[in-house]
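Hi,

Here's the structure I promised to pass on. Have a look through it first, then read my notes below.

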Amino acid sequence: MDIPYIVIDQLTPDQQQVWKTYFGDADRPRYIEEGIWRRTQEKATAEQSGWTAADDARRRIIHYRYRYGLVPTTAAPAIGLTDLYLYHSATAPADEIDAHHDALWDSLAGGGWKEAPGGFLWTRRDLKCRITEHDVHPQDTAAGRNLPVGYRSLDVQIASVSYAPPPAVRQLPWNVLSTGIRCKDRPGTPTRVPDLSVLADLLPFQVEIGCGTSVEAGIPPLHRLHEIYRVTDRQGHEPREHRFTLSPTADTLLHEVLTEPEEKIAEFVEMFRACFLAEPTPAMWALKELKDAGHLVGPVITNNFDVLAARAGLDECFMRRYDQAVPDVEWVDGAKALLVVGLHADRRKVQARASARGMQVVYLDPEGFWREGQFTPYPLEGPQDGDLVCRATAAEALPALVNLLKQHAG
């Protein structure tokens, strides 16, 4: 496994400009891709975690952080993965951790890793793997968490050899864990509307977008990341049916990385590659027209890391952050509504804060997705009493809104 790992080879001049404008010299480090999942077995997660009693306290933490950069080649520059960091922490009954330990050693041997003196570090070309076992995890001690008797933890760090994660990076998933599990919103009874014509009487408005607009641009939905990192067992068609991967003996992620790192890292960079190659959609250009006409005000409040809003010429207020559970929102005085496009849950409390400001919240979402020719319902979690919901795609509804408001303007 060679680092840099080439993600997109021989950029065209236009692609080089996209990198320079929206990644290399951007307002936030878009050349960093980062994700965290913490899955815990407890009463509140019983349906997906398999919790049945107090002795069920398995835990799985995944944290990845990748850095991308321009890499010179004999022809045009390429985009390469220049730093890789993957952290996996498993906490489970001792017999499961023992089996996990043995499976890791088998995977290291099968993948051709070389053991360094001391027995805790292995290397394979430009990658290194460090394994640490804990009878009691020091993070649990620091946080005052008491796990059932007989539970142990095993931590694995896989990184590029030249990358040493700073303390703040190593601590980040544990800070996220300390915030507790997210309590899902209970939807109220919103009013269904056939289109977005209601916004003609609610001008100007602000907008928040989720991954629905990304999917329309050909970017894989977020559950693709769940597949890659084995966050859930992916059994069943509906997301609510997917059970957490918690038992180390059923967790294949590390085996895949250690035995065939080139193949697995090709999956790890899928999302970044898709985001870079995607182009702004008709829905994004419609938002730009609404902005230019003065109907849409403020930055696009976004949970997306695909940069499509910025590439359509719109300012972004980025919500998908790990340093703040509830990031600040750039509200605009006088805005009468918040249009929420393709966002299933109000994880950053944006819609709740808009309602508290007296803004009308309007949702645009088909409330489902197509899989193998069949439409699977996926109801919105956030709408409350008094909110409005239009069951349509952004590609359909936003250009139609642009045309409607042009007609109203004469």
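Which residues lie nearest the centre of the second largest pocket? They are Pro29, Ile32, Glu34, Phe318 and Arg320, out of 21 lining residues. (On a 1 Å grid over the protein atoms alone, a pocket is an open set of points with protein on both sides within 12 Å along at least five of seven lines, and lining residues have an atom within 4 Å of a point.)

Before you go on: this is a predicted model, where local features need pLDDT of at least 70, side-chain atom pairs count only at pLDDT 80 or more, and totals for chains, interfaces and linings use all residues. Residues are numbered from 1 along each chain as its sequence is written, and side-chain values use heavy atoms, with hydrogens and water left out.

Back to the pocket: its lining has 13 nonpolar, no polar and 8 charged residues. (Ala, Val, Leu, Ile, Met, Phe, Trp, Tyr, Cys and Pro count as nonpolar, Asp, Glu, Lys and Arg as charged, and the others, Gly among them, as polar.) Helix 10 gives the most to that lining, with 4 residues. (Helices are DSSP runs of H or I, at least four residues, and strands are runs of E, at least two, numbered from the N terminus.)

Helix 10 also meets helix 1: Gln15, Val18, Trp19 and Phe23 in helix 1 are in contact (heavy atoms within 4.5 Å) with Phe272, Phe276 and Leu277 in helix 10. That contact divides into 6 nonpolar residues, 1 polar and no charged.

Lastly, there's an open sheet of 7 strands, paired in parallel in the order 9-17-14-13-10-11-12. (Two strands pair if DSSP finds at least two bridges between them.) Strands 9 and 12 are at the edges with a single partner each, so one side of each has no neighbour in the sheet.

Cheers

Technical notes: On a 1 Å grid over the protein atoms alone, a cavity is a set of points where a 1.4 Å probe fits but cannot get out, and a pocket is an open set with protein on both sides within 12 Å along at least five of seven lines; lining residues have an atom within 4 Å of a point.
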